[in-house]
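Here's a quick tour of a few packing details. Have the model open while you read.

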Amino acid sequence: STMGAEQSIEAKLVKQLPQLTKRDDWRDVVRQFNQVVPVHPPKSDAGPGGESRSGRETAEEEEQERKTLAQAQARPPQLRKRQSVIGEDVKVDKKAFVVFAELLHAQLEVTERQIVARDRRNHDKERGDDAAEHVEVGEDMKMLLAACQRLFQEKHFYAAIAKNSIQVFVDALQLHDDAVVLDALKVMRFILLCQVRGERYRARRPDFEREARVAFRECGGHEVLVMMLHRYALTDAYDIVWRTYELLAMLLGVVGLPGPRGAFVLPTQTTSTFGACQHLTHQLKPITEDLIMLQTRHADAKIRTMASWTLQGILLHSQRELTKKMQLHALRKGIVLCHFFFAVDKRTGERRHSDIDINATDASIRASRNLLSLLCDDFQAAQQVILSNLPRGLVANRPPHPFPFKLEFTHKLTKQQQAADNRTTRMRYSSGSQDQFNWHEVFQRIDRMFKSPDLVWNRVLKSELCVALRHELRDWAVTQRLQPDADWDNQGFEVSYPALDGQLRVGDYFIRLLLPVLDNQLIARGGRRASVLFSFDNENDDGKAAAGAADAAAGDEATIPTRDGNSSDNDKFQLDANEVPKLVVQLFHHAVVEDEPKWKLGCLRTMSALFKLYPKQLETFEPLPYLVWLTSPKHADPMFRDHVLPFLHELIEQFPHNARRFLDAKGLQHVLHYIREVHHAHENKNSSSGGGDDEKQQQQKEEKEQEEEEEQEQQQQHINNNNNISG
């Protein structure tokens, strides 16, 4: 019974709409209609790209839902359980559109007179006339626009756009009253983005929407939106500004119905015509660099988000030469730097960082990432700003990824239009000819944490990156205030990661993490660990002891030692066999210049483990003479000697041709010396305790003999050299 009563009330109100111009109480009918039928926020069963929708897209949608709930609470008790039936159970007469257009046209003139009266009153008040009468502006106009928001969700009312003019709605955007303009923008959203309810009308929506956008262009809507940016962009009317950008992004085809939270996709089709997109891009071109680009770094998240989408639409529909020019301007004026910061700093909520006020949302972060991708693709200088300041493991070896800038028109293009379209950036993405980087995976990896031999990335390192970006943005803001025409020095910007200062890194690998992995692989193959066991953790040097600062600061999450972010151990990590010789050479050079004994030993242990795992790649072991030199009794450290001698044994045993190189480096003399030393130590151990002096004398005698032998060899070598010179 409640459902029947509810339908009868709404049906009764809808039947009265075509006769509103003949009724004196039309205001009461419209007011009651607005109370009974709430405006539902636009939703889609599937977001762009066919993904399921989950969660609220923006804070604006959440606010709209709260308003809808408040409206439902204000409805009569018997109507609170039911949502709007407009467009499903109740059909609106086609004449209703004409009636509302007539009422809006009449109220448009009334509102203009009210605005004039209000301005006159404000002028009198400024002159000191306190008796000036207060003037209400556009109350009936706003009530009618609110009703249109509800009616445009009904199929017959929306379809009437094709046979009637929407000029009155475009004219409402030009009124000098912010409240009326805001309501007109909301109505225009329902016009440019078809939200007709009902599954049976889904197939007709693209046709309805295309006709509405064509009508909007014919009424001069493109020029009006550009004029509104000139009027409101630098004011505090934030709602008007971001809704204007939203309409521009819709007309350019890069924004549709809200998609799923976190979706890194764009609409795959647009109902805007090719001519309309080119016309709008041409209209926006004069203000792109001086206004729209600057608004992409606005403090308000909604303005920043929609301005970023609008700029993306301009870039996509522009020819390559114009796109290159805008990319260069964005780099010189710090736009790339700013969106680098927005793309990395993913903490949402209002906050203040130095001189940077931001209110980040998931939608604004995604918009910045998409825009940054467009600004960097096929532009090496901008790419280097990002790639050179991120750890190499985050950006290296990323396979090609088709970026979702494949935007197609729903109508067929003429041959002339097709020829012009092929030169746009959008078609370069669609055809695959655009030089693009896999930014999608880079940003995904930035959001995760890694602790593997070739990549350490955690919250501490990410925080250090954000701090460096904030400081650079602050310095750039100061430079701009002092020198407005200055360009950002992108080549002088470099990010340092203090948390990694204590890590021993050779090539692309962290020895602290690589060596345990190699040892585990040796054990898995039935072998032994790399000779002498050694721990990096027991260090006296404060600088080296800070090696694990980054991991410790990251908390428990740093104990997930994975290459791909999953909960698996690092034994799955595998070195590329082709990289092993290069890595061994790098380890050798680092061991030669390393002053810290324990880090030097770490390099030696890693070389030993690599030889055991990849013997075929290291058949000719170039650092062998250096290893022999480390065993010399003159300067041998017992820690190095006890590790190097077994390593040399393996080198000679597996590849006998290394024996000649071992002899040429005088390795046999060192071995004989240690054999004698071990023999005498064994004898002294069995001798009486009183033979300590004899042992000391014997050792001194052997050392003296060893020095005499080496001196004789040097003299003989000198004589041979002189004879060769004389000869």
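Let's start with Thr 244, which sits in helix H11 (residues 238–251); helices here are DSSP runs of H or I with at least four residues, numbered from the N terminus. Thr 244 is buried, at a relative accessible area of 2% (buried means under 20%, with a 1.4 Å probe and protein chains only). Leaving out residues up to four places away in sequence, Thr 244 touches Leu 185, Leu 225, Met 228 and Leu 229, where a contact is heavy atoms within 4.5 Å.

## What you're looking at

This is a predicted model, so to speak: local features need pLDDT of at least 70, side-chain atom pairs count only at pLDDT 80 or more, and totals for chains, interfaces and linings use all residues. Numbering starts from 1 along each chain as its sequence is written, and side-chain values use heavy atoms, with hydrogens and water left out.

## H5 against H8

Helix H5 (residues 139–151) packs on helix H8 (residues 178–192) at about 15°, with the axes 9 Å apart. That makes H5 roughly parallel to H8 (angles under 35 degrees count as such).

On the H5 side, the contact uses Met 141, Lys 142, Leu 145, Cys 148 and Gln 149. H8 brings Ala 179, Val 180, Asp 183, Ala 184, Lys 186, Val 187 and Phe 190. By type, that's eight nonpolar, one polar and three charged residues.

## The buried side of H2

In helix H2 (residues 26–36), the buried residues are Trp 26, Val 29, Val 30, Phe 33, Asn 34 and Val 36. They span an arc of only 165° around the axis, which puts them on the same side of H2.

Key
Axes fitted to C-alpha atoms, helices over the stretch in contact; angles between N-to-C directions. Helix = DSSP H or I, 4+ residues; strand = E, 2+ residues; numbered from the N terminus. Parallel < 35°, antiparallel > 145°, perpendicular 65-115°, else oblique. Nonpolar A, V, L, I, M, F, W, Y, C, P; charged D, E, K, R; others polar. Buried < 20%, exposed > 50% of the residue type's maximum accessible area, 1.4 Å probe, protein only. Arc of directions from axis to C-beta.
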